[in-house]
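Please look through the sequence and the model shown here before reading on.

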Amino acid sequence: MRFSHALIHTVRETPSEAEVVSHRLMLRAGMIHKVAAGIYAYLPLALRSLTKIMAIVREEMVAAGAQELLMPAVQPAELWQQSGRWEQYGRELLRLHDRHDREFCLGPTHEEVITDIVRAQIRSWRQLPVNLFQIQAKFRDEIRPRFGLMRGREFIMKDGYSFDRDDAGASATYERMHAAYRRIFARCGLRCRPVEADSGAIGGSFSHEFMVLADSGEDAILACDTCAYAANQEKATCRPPAPPPPIDGPPPAPVATPGKKAVEEVAAFLHAEPSRFIKTLVYRAGERTVAALVRGDRAVNEIKLTHALGASGVVLASDAEVEGATGAPCGFVGPVGLPAGVEVWVDREVAAMASAISGANRADTHVTGVQPGRDFPLARVADLINAEAGDGCPRCAGTLQLFRGIEVGHVFKLGTKYSAAMGATFLDEQGEKIPAVMGCYGIGIGRTMAAAIEQNHDDDGILWPTPIAPFAVEIVLVREDDAASLEVAARLEEALTRAGHEPLVDDRAERPGVKFKDADLLGLPYCVILGPRGLKEGKVEIKTRATGERLEVAVDEAVAWLTTHLAAT
């Protein structure tokens, strides 16, 4: 490919709308074009990288026993109504009507459609298991699309779905997909870690996210420094506290705390550590009023609370709602003497406290000497907090460490959530009709490309992992009007293309400094520099982008050198 004929428009300035490295560098390198908020066109450089990622995904999916199909982007509302998600999914689901006023949506995912296909095609246990996948554009109407391809509204996704006869078969398929995902991201040249995760709107009993480790990652990951435990902070748990000591001591004593509401304020006023406090947060879960009790130095994990309640979601109560439900102004609510209409949920650490400080359920007052189990009941105890760096690992004697990550893949055990609701059943060996056990497996193709840039860049531009680089080699002509340079460039281009490494040849009528700046910005793994002085000595200069190392190589040995080094990466 000749740069002079390619649609590659590089810019020096940092685009004002770019908030993260990948967005900035892809815009500057002429890889993407913004069409609307969260909607981008993939220009030729980006598409070359995406195509390589998709090829790796396809190879590994097929090797793991999956078959490719292609489903429509537009989905009828009736399928989503059958699964129950038409009302549940929320405003991210872009709904539309056709000319006959029938309801449809643009697919954000395809559980309903694939279940509809399988219920029409599968009749007997002999036809199972079946594992199907597609690579297709999805649309989710994000409230606040940002970060370029990291959180767009339209995106390319590999979504796969498995159907098994029983839980054992579903678990075996899940493990095959888990292993395939590890191979996919390793082949893409990414440092990636699978972590336990919440299943979210997709549903299911168990899931793992595949996280590309990067300082700019949106997601917090907690991982043990000793064993293999790792989880998204939404899901992560820590070592359970030691059992509480026997209940003893005087009853709670009120203490005046005028105008002191926040834990930090009251702790400073009473000269006590925040960890000695019980923080009482009041939530609404549908028609229920819930008080979540956590230690004063902890934060409520609202996803864990939602699961503990068996609810569809929780929202913090307003100040007026708090006072109406508890009789106390916000900031002075505590667990002792709460009205019967308030459902109290206690975090494990609070249940293990010996003597605590809490709100007194009246203005400007707290109480000391509160003992859980004596002064308020422990009928509902659960893990309700965000685990944090420094906490003990729940599986060994190790300590949790905090990392940042970018989610590029997610695998779910769905169970029979969709198959039972939509009638995707089969006849077992006894002739009984049974719902298939499902799994779901997604990879963000564009997000994988963006994550690779987030993980691999420097101040000058991108550092592409070789397997997914748009081109593996760039040939830069210092002087595009030099006949010897043009002849060697053509010879190297032909030989590299025959070897399966089509290069990008910068033959533009630009200053050498501009070409070298653009080469660093585009970040192709190797740059071959053709200068008249070196060619007179029969040599070219090869620069390794990732390390900056420069090496002079004989012209006749350049292709063999590049082929050897490309094969090793």
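## A covered helix

The elements that cover the buried residues of α1 include β1 (32–36), β2 (39–42), α12 (445–455), β25 (457–458), β26 (461–462) and α14 (512–522). Helices (H or I, at least four residues) and strands (E, at least two) are here DSSP runs, numbered from the N terminus. This is a predicted model, in which local features need pLDDT of at least 70 and side-chain atom pairs count only at pLDDT 80 or more, while totals for chains, interfaces and linings use all residues. Residues are numbered from 1 along each chain as its sequence is written, and side-chain values use heavy atoms, with hydrogens and water left out.

The buried residues of α1 are Val21, Ser22, His23, Leu25, Met26, Leu27 and Arg28. After α1 comes Gly30, which has a positive phi near 70 degrees.

## A three-stranded sheet

An open sheet is formed by 3 strands in the order β13-β19-β18, with antiparallel pairing; two strands pair if DSSP finds at least two bridges between them. β13 (253–256) and β18 stand at the edges, each with a single partner strand, so one side of each is left without a neighbour in the sheet. Neighbouring strands of this sheet are turned by 30 degrees against each other on average, direction ignored, with axes taken as lines fitted to C-alpha atoms (for helices over the stretch in contact) and angles running from 0 to 180 degrees between N-to-C directions.

Between β18 and strand β19 (residues 365–370) there are 3 bridges in the antiparallel sense, and Gly359 stands opposite His366 in β19.

## Strands β29, β30 and β31

Strand β29 (residues 526–530) runs antiparallel to strand β30 (residues 539–544), and 4 bridges join them. β30 is also joined by 5 bridges to strand β31 (residues 550–554), again in an antiparallel arrangement. Lys543 in β30 stands opposite Cys527, and the bridge partner of Lys543 in β31 is Arg550.

What do β30 and β31 form, with 5 residues between them? They form a hairpin, and Gly548 in its turn has a positive phi of about 80 degrees.

## A pocket and a cavity

On a 1 Å grid over the protein atoms alone, a cavity is a set of points where a 1.4 Å probe fits but cannot get out, and a pocket is an open set with protein on both sides within 12 Å along at least five of seven lines; lining residues have an atom within 4 Å of a point. Grid points are joined across faces, edges and corners, and a volume is the space filled by probe spheres set on the points. The second largest pocket has a volume of about 310 Å³ and is lined by 20 residues, of which Lys279, Thr280, Leu281, Gly331 and Phe332 lie nearest its centre. Two or more lining residues come from each of α7 (263–270), β14 (278–285) and β18 (356–359), and β14 gives the most, with 5 residues.

By this rule there is 1 cavity of 30 Å³ or more, and the largest cavity has a volume of about 30 Å³. Its lining consists of Ser162, Ala170, Tyr174, Phe412, Lys413, Met438, Gly439 and Tyr441. β24 gives the most to this lining, with 3 residues.

Terms used:
Buried means under 20% relative accessible area, exposed over 50%, partly exposed in between (1.4 Å probe, protein chains only). Contact means heavy atoms within 4.5 Å.
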